[in-house]
Amino acid sequence: MLRIHGTAKSRAFRCIWAAEEAGLPYEHVPVAFGPQMKAELAAVNPNGKIPAMQDGALTLFESLAINLHIAAKAGAPLMPSGDDASRVLQWTLWAATEVEPAIMQWAYNTYIRPAEQRDPALAKAGAAEAAARLAVLEGHLAANGPWLLGRDFTVADCNLAGVLYGSWLNGFDYGRLPKVKAWLDACFDRPAALKARKLREG
Ligand SMILES: N[C@@H](CCC(=O)N[C@@H](CS)C(=O)NCC(=O)O)C(=O)O
């Protein structure tokens with residue numbers, strides 16, 4: 001059985017959501033933030049971060065890699081084959097390398113860090129950078145939606161929406177990105193997402 005380590009108030013949220021989408025049984029080990037975290041994670045993530053996952057003899061870190069593993073176990077439509085599998089990788093890497101750094105710069109300086117440690121200029125620059133990247137997604141969804149790969153929800157949606165979840169929940173301005181906003185709303189309204197959100201949002 002899958003074991004997902006990490007409180008749902010972390011990137012483990014993404015993996016819980018993916019496991020729910022896959023319909024796979026999993027055990028949630030809700031490792032919390034704090035000084036004890038690194039010791040608790042010593043056997044599963046040498047980075048000392050959450051999430052981590054165990055599946056039999058396999059131990060993995062990196063939330064989006066964990067999600068690809070979960071989806072591969074479930075098969076299509078969550079993890080399609082052929083060219084669509086490559087498209088899943090494209091959107092997953094785009095989420096991690098092009099979108100997450102910018103949206104996290106906005107997030108750290110808007111709602112994550114204590115107020116006295118936030119830099120409004122960095123928040124503004126992160127928001128502008130994220131919006132520029134997301135304009136590409138806006139055009140893609142307009143031409144190819146409703147999901148990233150078209151007709152079916154896949155782990156590509158789970159991974160990219162997972163990266164954007166905090167911004168969606170915490171007031172990022174999606175006003176000029178109506179297709180992205182509608183797609184995020186649809187992602188987080190899925191029954192599997194609602195189960196993960198219940199753990200995260202209470
Ligand atoms: N790229 C990693 C990032 C993991 C990460 O930074 N996790 C945060 C929680 S969301 C963490 O454990 N932070 C604690 C720390 O950095 O010490 C992933 O996607 O899994």
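The paragraphs below go through the ligand site and then the cysteines of this structure.

The model is a predicted one, in which local features need pLDDT of at least 70, side-chain atom pairs count only at pLDDT 80 or more, and totals for chains, interfaces and linings use all residues. Residues are numbered from 1 along each chain as its sequence is written, and side-chain values use heavy atoms, with hydrogens and water left out.

Around the ligand stand Ser10, Arg11, Arg14, Phe33, Met37, Lys38, Lys49, Ile50, Pro51, Glu62 and Ser63, each with a heavy atom within 4 Å of the ligand.

A nitrogen atom of the ligand is 2.7 Å from a polar backbone atom of Ile50, while a polar side-chain atom of Glu62 lies 2.8 Å from a ligand nitrogen and one of Arg11 lies 3.3 Å from a ligand oxygen. Of the 510 Å² that the ligand exposes when taken alone, the protein buries 73%, with areas computed by the Shrake-Rupley method and a 1.4 Å probe.

The structure holds zero disulfides, a disulfide being a pair of cysteine sulfur atoms within 2.5 Å. The sulfur of Cys158 has its closest cysteine sulfur in Cys187, 8.0 Å away, which is too far for a bond. Cys158 counts as buried at 1% relative accessibility, and Cys187 is likewise buried at 0%, where buried means under 20% relative accessible area (1.4 Å probe, protein chains only).

Terms used: Polar contact = N/O pair within 3.5 Å; in protein donor to acceptor, adjacent residues only side chain to side chain. Buried < 20%, exposed > 50% of the residue type's maximum accessible area, 1.4 Å probe, protein only.
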